[in-house]
Every structure is written in structure tokens, then in C-alpha cells.
Amino acid sequence: MSVMTEEGQVGGQQEQESPALETGNGSKELCQDMFVKLTDYLNGELAVTVEEYQLLLKLNQMTTMKYEEMTNFASRLQQSSQTLNEKCKVSVPYSIRRQSRIPARSVTSMQPYCDHIDQVEASVTALEQTAYRLDAYCKRLEMKFREMEKH
């Protein structure tokens, strides 16, 4: 029979913990610690990723709002352009002429005025080109005159 004594002896031999059991208990604690730390690390990485996606979401929302503003501005600009084009091409209705008490012949259409403005613009452009050519010709004449004075 083996009887346990106060010193931990069984049957006269001292009981020792095996190194395998000691390593097993330490390994278990180390594994648990590793899993806790790995969990913390992964949670941190996921939190950063979530924050990055939230930032991207906000940026996309702001970009969408900016494009909507630009679209609205372009739409208003297009409407203004169409309104101006219509004013140049469509004659003024009789009801407006009557309310404004302007003679019919003076308000019938803006088109002749627009045409006249286009003609004036073309004439000014042609006159400007002619002035540049005349200036260049004057400079050449002046150079020839100076050469003749020297001789």
C-alpha cells in the first residue's frame, strides 16, 4: 500500500510533477494570452478599417452633394441660355405689347437686333484685322524711309 505522507511521498517515494504537465499548463495560459492579444489586435484592425470606410462614405456623400450642386447650376445656366435664345428668336406676344404700351413695330422681334449686333461684331473684327495690317505696313514704310535717309 502506498500511503501519502506530509512531505508528498507516496509509498516512500517523493511525488514530482512531470515537466510535460508543467509545460502543458503554461502552454495553455500562453495560448489563452496569445488568443486574447490576437483578438485585441484584430479588433483594432477592424475598427480602423470601419473608420476608413466611414470616411470614404462621408467623402462620397460630399462628392455627390457637390455634383448635385454643379448639376443644378448647369441646369439653371442652360435654362438662362434657352431663355435668351428664345428672346432673340421669338416675337413679343401682343398681350405684353399692349401692357407695355409700346408700338407693335418697335417690339415685334428681337431677332433683327441680334442680327445687327452680329453684323457689328463681324465688322469690328474685320476692322481690327485691317488696323493690324495697316500698322504692320506703316512700320515697314517707316523702316524703308529711315534706310533712304541714311543714303
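Reader: Is Asp135 buried or exposed, or something in between?

Author: Asp135 has a relative accessible area of 40%, so Asp135 is partly exposed. Remember that this is a predicted model, where local features need pLDDT of at least 70, side-chain atom pairs count only at pLDDT 80 or more, and totals for chains, interfaces and linings use all residues. Residues are numbered from 1 along each chain as its sequence is written, and side-chain values use heavy atoms, with hydrogens and water left out.

Reader: Which side chain does Asp135 meet in a salt bridge?

Author: A salt bridge is a side-chain nitrogen of Lys or Arg within 4 Å of a carboxyl oxygen of Asp or Glu. Here Asp135 pairs with Lys139, at 3.7 Å from N to O. Both sit in helix 4, four residues apart, about one turn of the helix. Helices (H or I, at least four residues) and strands (E, at least two) are DSSP runs, numbered from the N terminus.

Reader: How many salt bridges does the whole structure have?

Author: There are four. One of them joins Glu142 and Arg146, at 2.6 Å from N to O.

Reader: Which element has the highest mean pLDDT?

Author: pLDDT is the predictor's confidence in each residue, from 0 to 100. Helix 4 (residues 111–150) has the highest mean, 90, while strand 1 (residues 9–10) has the lowest, 48. Where pLDDT is low, the predicted coordinates should not be read in detail.

Terms used. Buried means under 20% relative accessible area, exposed over 50%, partly exposed in between (1.4 Å probe, protein chains only).
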